[in-house]
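Welcome to my notebook. I opened a structure that was new to me and jotted down what I looked up, one entry at a time.

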Amino acid sequence: MAGGDAKPVRPRHRLVWLALLAGLVLGPIGAVIVHAVVPPPITLLMVTRLFEGEGLHVRWRSLGRISPDLVDAVIAAEDARFCEHNGFDFEAIQDAMESNAEGGRIRGGSTISQQTAKNVFLWPGRSWVRKGLEAGYTALIETFWTKRRIIEVYLNVAEMGPGVYGAEAASRHWFGKSASELTRQEAARLAAILPNPREYRAANPGPYVRRRARAIQGNMAVIRNEGLSDCTA
């Protein structure tokens with residue numbers, strides 16, 4: 001009778017596992033599809049900064065209410081091939097790896113699409129698990145969102161100062177004006193602080209931010225003249 005003691009897997013248990021698997025697959029897809037039209041709520045980074053004692057200043061603005069100069073500045077500073085790639089810039093990744101191996105300034109190869117996926121759907125920090133999830137979400141937003149939507153979301157959730165998120169809040173925080181009113185120089189300075197927005201200042205910047213902003217402002221003309229931001233129009 002010992003052989004008869006083994007209990008078969010109950011069908012309802014199989015259904016539970018199938019439901020969990022479907023949730024793991026369909027949940028992220030559903031979230032991405034929803035945020036193709038609905039502004040993302042507070043992000044995990046914002047929550048983290050709140051627990052660290054920082055404020056929360058964020059104002060959603062459609063891309064049409066953000067200066068085109070800021071779009072050009074961010075593309076020039078963060079991802080010049082934004083309109084050309086499908087979420088991953090393997091040339092930039094290779095360049096970053098070579099620079100880091102040679103002992104130069106540590107560089108990242110993340111595209112605007114990858115940064116958007118991380119900012120909206122994931123937590124801050126570095127791990128292989130998070131990088132894997134970031135790659136998956138990047139592929140999803142490149143599939144279900146337009147490039148215009150990606151840059152719009154990025155410019156509304158990116159950290160641009162201590163407790164300051166998005167172009168509108170940053171423009172008012174640093175320059176006392178709306179994001180639609182930014183000058184080319186101001187747009188370049190906002191883009192220049194993106195690598196470390198809690199340390200750098202867009203208003204009354206130090207020497208590094210001034211130099212970087214001048215370089216970005218020069219590259220903005222290339223972005224505009226060569227149509228490298230046309231996908232956001």
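This is a predicted model: local features need pLDDT of at least 70, side-chain atom pairs count only at pLDDT 80 or more; totals for chains, interfaces and linings use all residues.

**Entry 1: two helices.** I started with helix α5 (residues 112-121) and helix α6 (residues 128-144), which pack at an angle of about 110° with their axes 8 Å apart. That makes α5 roughly perpendicular to α6, because angles of 65 to 115 degrees fall in that class.

Next I asked which residues in α5 meet α6. On the α5 side I listed S113, Q114, T116, A117, K118 and F121. Their partners in α6 are R130, K131, E134, Y137, T138, I141 and E142. Sorted by class, this contact has four nonpolar, four polar and five charged residues.

**Entry 2: aromatic rings.** How many aromatic pairs does a search of the whole structure find? I noted four. One of them joins F121 and Y137, whose ring centres are 4.6 Å apart. Their planes stand at 5°, so I wrote this pair down as stacked; the cut-off for that is under 30 degrees. The pair links distant parts of the chain, with F121 in helix α5 and Y137 in helix α6, 16 residues apart. Are these two buried or exposed? Both F121 and Y137 are buried.

I stayed with F121, since it also forms an aromatic pair with W145. This pair is tilted, at 6.3 Å centre to centre and 45° between the planes. W145 sits in the loop between α6 and α7 (147-157), while F121 lies in helix α5, so the pair ties together parts that are 24 residues apart in sequence. W145 is buried, as F121 is. Put together, ring pairs link F121, Y137 and W145 into a cluster.

**Entry 3: the core.** I then looked up the largest nonpolar core and found 53 residues in it. Those with the most contacts inside it are L70, V74, I151, L155 and L190. I made a note for background: in soluble globular proteins, nonpolar side chains tend to be buried together.

Leaving out residues up to four places away in sequence, I151 touches L63, V71, V74, I75, F82, I112 and T232.

**Entry 4: R61.** Where is R61 found? I located R61 in the loop between β1 (57-58) and α3 (68-78). At 16% relative accessibility, R61 counts as buried, because the cut-off is under 20%. Setting aside residues up to four places away in sequence, R61 touches I66, E152, N156 and E168. I also checked the C-alpha atoms of R61 and E168: they are separated by 6.7 Å, although the two residues are 107 residues apart along the chain.

**Entry 5: R211.** I found R211 in helix α10 (residues 207-225). R211 is partly exposed, with a relative accessible area of 48%.

**Entry 6: N204.** My last stop was N204, in the loop between α9 (184-192) and α10. What is phi of N204 near? I wrote down 50°, a positive value in a residue other than glycine. For context, most residues other than glycine have a negative phi. N204 is exposed, with a relative accessible area of 65%.

Key. Residues are numbered from 1 along each chain as its sequence is written. Side-chain values use heavy atoms; hydrogens and water are left out. Helices (H or I, at least four residues) and strands (E, at least two) are DSSP runs, numbered from the N terminus. Buried means under 20% relative accessible area, exposed over 50%, partly exposed in between (1.4 Å probe, protein chains only). A nonpolar core is a set of buried Ala, Val, Leu, Ile, Met, Phe, Trp, Tyr and Cys residues joined through side-chain atoms within 4.5 Å. Contact means heavy atoms within 4.5 Å. Axes are lines fitted to C-alpha atoms, for helices over the stretch in contact, and angles run from 0 to 180 degrees between N-to-C directions. Angles under 35 degrees count as roughly parallel, over 145 as roughly antiparallel, 65 to 115 as roughly perpendicular and the rest as oblique. Ala, Val, Leu, Ile, Met, Phe, Trp, Tyr, Cys and Pro count as nonpolar, Asp, Glu, Lys and Arg as charged, and the others, Gly among them, as polar. Rings of Phe, Tyr and Trp (its six-membered ring) pair if their centres lie within 6.5 Å; planes under 30 degrees apart count as stacked, over 60 as edge-to-face and the rest as tilted.
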